[in-house]
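The report below describes selected local features, helix packing and nonpolar cores. Please read it alongside the sequence and the coordinates.

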Amino acid sequence: MYHAVGHEPAPAAHRLSVSPEAFAAQMEVVADHGLTPLTTAELAGAWRSGGPLPARPVLITFDDGYEGVHRHALPVLAKHGFASTVFVSTGWLRGGDEEGGALDTMLDWGQVRELAAAGTEIGGHSHSHPQLDQVDDRRLWYETLRCKEIVREELGRAPASFAYPYGYSDRRVRRTVRAAGYAQALAVGNTVARRRQGPYALERLTVRRSTGIEEFTRLVEGRAIGRTFAADRVLTKGYAMVRRTRGAMRATGRLAV
């Protein structure tokens, strides 16, 4: 799971960014290890149908829709012939539906169309990037459906895949994403995606500015994943407890939205 790709990303996007040089080196590792990148829709479709997959499938995904994905990542992906999925927050992209709030320079719709024409899957990532498990039902529907509608209007086809902003979801969110017409959805989790996770809770590994090439190579090889993300998992468990408490308080009317 990538976010911004750039030399000097905005401070708010820096930690979850990678430099263009690091991204190019990481894709060389993917190529050298004989992995075959797929789109999210291709992987989930094969798992759903029992269809064949290459021996070493991998997803390369980008969340939010940063401009550097087009400027820096696309040429590297094209060089290797790699598929990828970009999950866009439609209210953050530059254009007529922009609502502000983006952390850095985002894609415009011309760039999104160029990514799609190059074989990149364009998925949904909500409209304004809220924590979906913390909003009410009406806002949840708006965020999932508005995103889908805008992508369909701009590209001529609706997105098939979704990624939860911040990786947060619960049963209500997953049911809504499914009801909105998305066929599969990705979380974070920082573990390897498995078919048993189900099509609406597939996990990913985070690549960030601090991910060195040796660490990235270990992740590609499936080594030391638990140790690498041990601190992340502790924080995730803590956040989950807080979020469940907030959800319970909201359900009883003691917490304003």
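Predicted model: local features only at pLDDT ≥ 70, side-chain atom pairs only at ≥ 80, totals over all residues.

Ala-224 is partly exposed because its relative accessible area is 23%, where buried means under 20% relative accessible area, exposed over 50% and partly exposed in between, with a 1.4 Å probe and protein chains only. Ala-224 lies in the loop between α8 and α9 (225-228), and its phi is near 60°, a positive value in a residue other than glycine.

Residues are numbered from 1 along each chain as its sequence is written, and side-chain values use heavy atoms, with hydrogens and water left out.

A positive phi also occurs at His-129, where the angle is near 65° in a residue other than glycine. His-129 is found in the loop between β7 (121-124) and α6, and it counts as buried because its relative accessible area is 8%. As background, most residues other than glycine have a negative phi, and most peptide bonds are trans.

His-7 is placed in the loop between β1 and α1 (11-14) and, because its relative accessibility is 47%, it counts as partly exposed. Not counting residues up to four places away in sequence, His-7 touches Pro-20, Glu-21, His-72 and Arg-209, a contact being defined by heavy atoms within 4.5 Å. The C-alpha atoms of His-7 and Leu-219 are separated by 23 Å, with the two residues 212 apart along the chain. Arg-15, in the loop between α1 and β2 (17-18), is exposed, since its relative accessible area is 54%. Once neighbours within four places in sequence are left aside, Arg-15 is in contact with Arg-208 and Arg-209, while its C-alpha atom is separated by 17 Å from that of His-72, 57 residues away along the chain.

**Helix packing**

Two packed helices are described by the angle between their axes and the distance between the axes. Here the axes are lines fitted to C-alpha atoms, for helices over the stretch in contact, and the angles run from 0 to 180 degrees between N-to-C directions.

| Helix pair | Axis angle | Axis distance |
|---|---|---|
| α6 and α7 | about 45° | 10 Å |
| α4 and α5 | roughly 40° | within 9 Å |
| α5 and α6 | roughly 75° | within 10 Å |

Angles under 35 degrees count as roughly parallel, over 145 as roughly antiparallel, 65 to 115 as roughly perpendicular and the rest as oblique. With their axes crossing at roughly 40°, α4 is therefore oblique to α5. That crossing of α4 and α5 is left-handed, meaning that the near helix is turned anticlockwise from the far one by less than a right angle, with clockwise giving a right-handed crossing. Glu-67, Val-69, His-70 and Leu-74 of α4 make the contact with Gln-111, Glu-114 and Leu-115 of α5.

For α6 (residues 137-155) and α7 (residues 171-179), which pack at about 45°, the orientation is therefore also oblique, and the crossing is right-handed. Asp-137, Leu-140, Trp-141 and Thr-144 of α6 form this contact with Arg-172, Val-173, Thr-176, Val-177 and Ala-179 of α7.

The axes of α5 and α6 cross at roughly 75°, so α5 is roughly perpendicular to α6. In this pair, Trp-109, Val-112 and Arg-113 of α5 meet Ile-150, Val-151, Glu-154 and Leu-155 of α6.

**Nonpolar cores**

A nonpolar core is a set of buried Ala, Val, Leu, Ile, Met, Phe, Trp, Tyr and Cys residues joined through side-chain atoms within 4.5 Å. The largest one has 36 residues, of which Tyr-2, Phe-23, Met-27, Phe-62, Ile-122 and Phe-216 touch the most other members. Elements that give two or more residues to this core include β1 (4-5), α2 (20-32), α5 (109-117) and α8 (213-220), and the largest share, 5 residues, comes from α4. Another core, of 13 residues, lies apart from it and has among its members Val-135, Cys-147, Val-173 and Ala-180. Phe-23, leaving aside neighbours within four places in sequence, is in contact with Tyr-2, Val-5, Val-18, Phe-62, Ala-73, Val-76 and Leu-77.

How values were computed: Helix = DSSP H or I, 4+ residues; strand = E, 2+ residues; numbered from the N terminus.
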